[in-house]
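Visitor: I should be grateful for a guided account of the structure shown here, with the reasons behind each term.

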Amino acid sequence: MSTMLEVSGLNHRYGAGEKAHVAVNDLSFTVEAGQLASIVGPSGCGKSTLLRCIAGLIKPTSGRVSLHGEAISSGVPDDLAVVFQDYSRSLFPWLSVEKNVEFPLRWRNLSRSERRTRARDSLESVGLSGVGSKFPWQLSGGMQQRVSIARALASRPALLLMDEPFASVDAQTRFELEDLTRRVQRENGSTILVVTHDIDESVYLSDRVLVLSKSPATIVADLPVGLPAERDQITTRESAEFVTLRGEVARLLHGGAPEAVTAASDAAEYELAQQEAAADAAEASTEARAKS
Ligand SMILES: Nc1ncnc2c1ncn2[C@@H]1O[C@H](COP(=O)(O)OP(=O)(O)OP(=O)(O)O)[C@@H](O)[C@H]1O
Ligand SMILES: [Mg+2]
């Protein structure tokens, strides 16, 4: 596997002087090509800031973000797309669904017919073949978010970033969109980074969950999700592995230490205690020898 995204030593501070607010503090991680990684963290911890820095929408105060080895310096790279939570503000109400999906392709070197074909293919891949001529406001919330996903996919991004993409839809639609995202990842081999504050969603969706601390965001744990690739909203969520993982993420979000770290610190404490016991024994035997 090759590295698609590399974030190293990323910091972002809003404002300056006394009113400065550090939103992201020295974050480093990589995402491999074809991986679906989730980021979970408490509200206000800096998740959207991190995503905006990765997308090139804001320039980080310091640190480096690179996409397949190339540093993201200014502006959104061509092969990166973002899906935001608020579909009602991210789609143009005066353009048809198909024109909305085609819109970002205008700046690509593509013919009109190629743009149209790509838009239709993307709409088909999210199950919206028949609605291209409708306007966004004629669709349900879940359908509008599918249009946003289709628009992101139309540019065939190397990296798809999603910021709480299903937070504004009902539970049933959310399940459908989660399954859609997993299918898209597998069919297109996409690399996807999803921000969510839903613990169950982070586990169900991903190959890996990055847990962030309270503000300013730092990485508390990086948990691999060993669930089978074929997932099902009922049976997967009932499986022992899922329940254990969601418990672990919940514990970490509530300030618990990661298992591995706990184990490591337990081992270190044990070793220290052994050393102290050995030193005490040596001291006692020296004293005993001195007395005799
Ligand atoms: N443009 C800005 N100017 C100043 N402060 C900001 C700005 N945007 C965000 N912040 C602050 O930075 C911190 C992190 O915000 P951010 O939106 O990244 O958090 P978040 O983890 O995405 O939160 P949520 O879960 O509520 O979406 C917050 O304290 C927020 O008030
Ligand atoms: Mg946010």
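**Burial, sheets and helices in a predicted model**

Guide: Of the 292 residues of the protein, 36% count as buried. A residue is buried if 20 or more other C-beta atoms lie within 10 Å of its own, exposed if 12 or fewer, and partly exposed in between, with C-beta atoms placed from the backbone. Residues are numbered from 1 along each chain as its sequence is written, and chains are lettered from A and ligands numbered from 1 in the order in which they are written. This is a predicted model, in which local features need pLDDT of at least 70 and side-chain atom pairs count only at pLDDT 80 or more, while totals for chains, interfaces and linings use all residues.

Visitor: What is the average pLDDT of the protein, and which elements score lowest and highest?

Guide: The term pLDDT is the predictor's confidence in each residue, from 0 to 100. The protein averages 88, and 87% of the residues score at least 70. Two residues are in contact if their C-beta atoms, placed from the backbone, lie within 7 Å.

Visitor: How many helices and strands are there?

Guide: The protein has 10 helices and 10 strands. Helices (H or I, at least four residues) and strands (E, at least two) are DSSP runs, numbered from the N terminus.

Visitor: What makes strands E6 and E10 edge strands?

Guide: The open sheet of six strands has the order E6-E7-E8-E3-E9-E10, with mixed pairing. Two strands pair if DSSP finds at least two bridges between them. Strand E6 (80–83) and strand E10 (219–224) each have a single partner strand, so one side of each is left without a neighbour in the sheet.

Visitor: How do you know that E9 pairs with E10, and in which sense?

Guide: Five bridges join strand E9 (residues 208–212) to E10, and the two run antiparallel. Leu-210 has Asp-222 in E10 as its bridge partner, and Val-209 has Leu-223. E9 and E10 form a hairpin with six residues between them. On the other hand, E3 and E9 run parallel, joined by four bridges; there Ile-39 stands opposite Leu-210 in E9.

Visitor: Why is E9 called largely enclosed?

Guide: Four of the five residues of E9 are buried, so the strand is largely enclosed by the rest of the structure.

Visitor: What makes the peptide bond from Ser-215 to Pro-216 worth a remark?

Guide: Most residues other than glycine have a negative phi, and most peptide bonds are trans. The bond from Ser-215 to Pro-216 is cis, with omega near -5 degrees. Pro-216 lies in the loop between E9 and E10.

Visitor: Where is Arg-156 found, and why is it called partly exposed?

Guide: Arg-156 is in the loop between H5 and strand E7 (159–163). Arg-156 has 17 other C-beta atoms within 10 Å, and therefore counts as partly exposed. Its phi is positive, about 45 degrees, although it is not a glycine.

Visitor: Why does Glu-164 count as partly exposed?

Guide: Glu-164 has 19 C-beta neighbours inside 10 Å, so it counts as partly exposed. Glu-164 also has a positive phi of about 45 degrees without being a glycine, and its place is in the loop between E7 and helix H6 (171–188).

Visitor: How do you know that the length of helix H4 agrees with expectation?

Guide: The expected span of a helix is 1.5 Å times one less than its number of residues. Helix H4 (residues 112–125) has 14 residues and should therefore span 20 Å; its end C-alpha atoms are 20 Å apart, which agrees.

Visitor: Why are the buried residues of H4 said to line one face?

Guide: The buried residues of H4 are Arg-115, Arg-118, Ala-119, Ser-122 and Leu-123. Seen down the axis of H4, they fall within an arc of 130 degrees, so they line one face of the helix. The arc is that of the directions from the helix axis to the C-beta atoms. Ser-113 and Glu-114, on the other side of H4, are exposed. The cover over the buried residues includes helix H3 (97–102) and helix H5 (141–154).
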